[in-house]
Amino acid sequence: MYIFSVTAKTRTDIEGFSKDSPAPFIVYIDFKDLFGAEQLAKLFVMKAGFYDVIIEKRKQLPQGKVLQLKRKDKQIQEALETGYAVQLFDEH
């Protein structure tokens, strides 16, 4: 599983962000290939209504760590079930 720190701009005003302002995300992708996971992360953020997606940080979680964290982390649970999870933060 990969975890990405992402910034993308809003297409419209949303709670906490005005149109065209950058919004921070954490994106969880359960995929084996880094390049493919990055492309999926960008796609899912764009599908959520954002543009100009920039991946700022990336980290691969070892399988043991994923299994350890899945009991506590809802986003990891969701990513294991659906293949991905996108979390928008209210500020940087």
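**Note on charged residues in the model**

1. Lys72 sits in the loop that joins helix H2 (63-69) to helix H3 (74-82). Helices here are DSSP runs of H or I with at least four residues, strands are runs of E with at least two, and both are numbered from the N terminus. This is a predicted model: local features need pLDDT of at least 70, side-chain atom pairs count only at pLDDT 80 or more, and totals for chains, interfaces and linings use all residues. Residues are numbered from 1 along each chain as its sequence is written, and side-chain values use heavy atoms, with hydrogens and water left out.

2. Lys72 counts as exposed because its relative accessibility is 74%. The classes are buried (under 20% relative accessible area), exposed (over 50%) and partly exposed in between, with a 1.4 Å probe and protein chains only. Lys72 also belongs to a surface patch of positive charge, together with Lys59, Lys65, Lys70 and Arg71. Patch members have over 30% relative accessible area and no salt bridge, and like charges are joined within 9 Å. Lys and Arg count as positive, Asp and Glu as negative; His and the chain ends are not counted. The charge is placed at NZ of Lys or CZ of Arg.

3. Asp73 lies in the loop between H2 and H3 as well. Is Asp73 buried or exposed? Asp73 is buried, and has no salt bridge. Its nearest side chain of opposite charge is Lys74, 9.4 Å away. A polar atom of the Asp73 side chain does lie 3.2 Å from the backbone nitrogen of Ile76.

4. The model has two salt bridges, each defined as a side-chain nitrogen of Lys or Arg within 4 Å of a carboxyl oxygen of Asp or Glu. One joins the side chains of Lys9 and Asp52 at 3.6 Å, N to O. This pair links distant parts of the chain: Lys9 is in strand S1 (residues 2-10) and Asp52 in strand S3 (residues 50-60), 43 residues apart. Lys9 is partly exposed at 29% relative accessibility. Asp52 is partly exposed too, at 39%.

5. Glu38 and Arg58 form a salt bridge at 2.4 Å, N to O. Glu38 lies in helix H1 (residues 34-47) and Arg58 in strand S3, 20 residues apart, so this pair too links distant parts of the chain. Glu38 counts as buried because its relative accessibility is 13%. Arg58, at 41%, counts as partly exposed.

6. Gln87 belongs to strand S4 (residues 84-88). Its relative accessible area is 24%, which means partly exposed. The C-alpha atoms of Gln87 and Ile26 are 5.2 Å apart, although 61 residues separate them along the chain.

How values were computed: Patches are made of residues with over 30% relative accessible area and no salt bridge: like charges are joined within 9 Å, nonpolar side chains (Val, Leu, Ile, Met, Phe, Trp, Tyr) within 5 Å. Accessible areas come from the Shrake-Rupley method with a 1.4 Å probe; for residues, only the protein chains shown count as cover. A polar contact is a pair of N or O atoms within 3.5 Å; within protein, one must be able to donate a hydrogen and the other to accept it, and residues adjacent in sequence count only if both atoms are side-chain atoms.
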